[in-house]
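I opened my notebook to look up a few things in one structure. Here it is, so that you can follow along.

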Amino acid sequence: MTQRSHVEIKGWVARHYDLAMDLLLLGRYQAFIEKAIERMGIRPGEAILDLGSGTGRNICVMMRFLGPTGRVVGVDINQEMLQQAQRRCRAYPQVSFLERRIEEPSPFNEEFDKAFISFTLHGFEDEDKERVIANAHRALKPGGTFWILDYDEFDLDHQVFLFRWAFRRFECELAREFLSLDLKAMLARRGFGNFVSYPFLRGYVRLLGAEKLRQKGGAES
């Protein structure tokens, strides 16, 4: 991870990440996450890979839809957040965690119905974004969906002053570049298509779904 990124957090922020997000969205963060995950169309019994799983808060919402036969694997490099996630998800034996970088080569191959990444992809350099996307593609079953919850594309210079100031003050350089990134084109190069997009938070955020396309003849890359 380069110095241009702020997605790897430590110390107080890592220990109190959920509180920080609740304060940032004036207590609406939980409802926002629940609405976004509901849009993923999770079915009972599915397997989900959560890339950059953080404190496990999102996984607990997923488990409401997955039921006792579904499973989730959370992947994160932050030990403090992994410990929180393990405590939070201890009621779900079908949830497991792996401590590793999500841009490094993945051990998973066509095991998951869905992959999910939340407010993390924007913090990688483009070549590492490509690696994360490639890992998701490899991990998904044919026809599986990669769900990306992150900033939408918009012109920061044309937003209201307070929002422009806060974004530039607290977000990283990579996040600002992400606002103009053609993410769909990047995903398409890695074998994804059939995109769906759901806007949230006045269009500043979107949930983007990308299907792992089946190659002609049934072969998969």
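My entries below go from the ground rules to cavity, core, salt bridges, backbone and distances.

**Entry 1: Ground rules**

I am working with a predicted model, where local features need pLDDT of at least 70, side-chain atom pairs count only at pLDDT 80 or more, and totals for chains, interfaces and linings use all residues. I number residues from 1 along each chain as its sequence is written, and side-chain values use heavy atoms, with hydrogens and water left out.

**Entry 2: The cavity**

I began with empty space. Rolling a probe the size of a water molecule over the atoms shows where such space is left. A cavity here is a set of points, on a 1 Å grid over the protein atoms alone, where a 1.4 Å probe fits but cannot get out. Grid points are joined across faces, edges and corners, and a volume is the space filled by probe spheres set on the points.

How many cavities of 30 Å³ or more does a search of the whole structure find? I found one. The largest cavity holds about 60 Å³ of space.

Next I listed its lining, meaning residues with an atom within 4 Å of a point. Leu49, Leu51, Val75, Arg100, Arg101, Ile102, Glu104, Pro105, Ser106, Pro107, Phe108 and Asn135 line the largest cavity. I sorted them by class: seven are nonpolar, two polar and three charged. Ala, Val, Leu, Ile, Met, Phe, Trp, Tyr, Cys and Pro count as nonpolar; Asp, Glu, Lys and Arg count as charged; the others, Gly among them, count as polar.

**Entry 3: The core**

I needed one scale first. Buried means under 20% relative accessible area, exposed means over 50%, and partly exposed lies in between (1.4 Å probe, protein chains only). A nonpolar core is a set of buried Ala, Val, Leu, Ile, Met, Phe, Trp, Tyr and Cys residues joined through side-chain atoms within 4.5 Å.

The largest nonpolar core has 65 residues. Which of them touch the most other members? I noted Phe32, Leu49, Leu51, Phe146, Leu149, Leu183 and Leu187.

I then followed Leu149. Contact means heavy atoms within 4.5 Å. Leaving aside neighbours within four places in sequence, Leu149 is in contact with residues including Phe32, Ile33, Phe116, Phe119, Val205 and Leu207.

Leu208 came next. Leu208 lies in strand β7; strands (E, at least two residues) and helices (H or I, at least four) are DSSP runs, numbered from the N terminus. Leu208 is buried, with a relative accessible area of 0%. With neighbours within four places set aside, the contacts of Leu208 include Phe146, Leu183 and Leu187.

**Entry 4: Salt bridges**

Side chains of opposite charge can pair when their charged atoms come close. The rule: a side-chain nitrogen of Lys or Arg within 4 Å of a carboxyl oxygen of Asp or Glu. By this rule I count 15 salt bridges.

Arg206 and Asp152 meet in one, at 3.4 Å from N to O. This pair links distant parts of the chain, 54 residues apart: Arg206 is in strand β7 (residues 205-212), and Asp152 is in the loop between β5 (140-151) and α7 (161-170). Both residues are buried.

Arg101 and Glu103 pair at 2.7 Å. Arg101 is buried at 19%, and Glu103 is buried at 11%.

Is Arg214 buried or exposed? It is exposed, at 56% relative accessibility. Its salt-bridge partner is Glu211, with the closest N and O atoms 4.0 Å apart. Glu211 is partly exposed, at 22%.

I also noted a network of salt bridges linking Arg43, Glu46 and Lys114.

**Entry 5: Positive phi**

I checked the backbone too. Glu110 is not a glycine, yet its phi is positive, near 50 degrees. Glu110 sits in the loop between β3 (95-99) and β4 (112-118). Its relative accessibility is 31%, so it counts as partly exposed.

Asn194 also has a positive phi, about 50 degrees, without being a glycine. Asn194 is found in strand β6 (residues 192-200), and it is exposed at 53%.

**Entry 6: Distances**

Last, I looked up C-alpha separations. For Leu208 and Ala115, 93 residues apart along the chain, I noted 12 Å. Phe124 and Glu103, 21 residues apart, are separated by 8.8 Å. Phe124 is buried, at 3%.

How values were computed. 1 Å grid on protein atoms, 1.4 Å probe; cavity = no way out; pocket = protein on both sides within 12 Å on 5 of 7 lines; lining within 4 Å.
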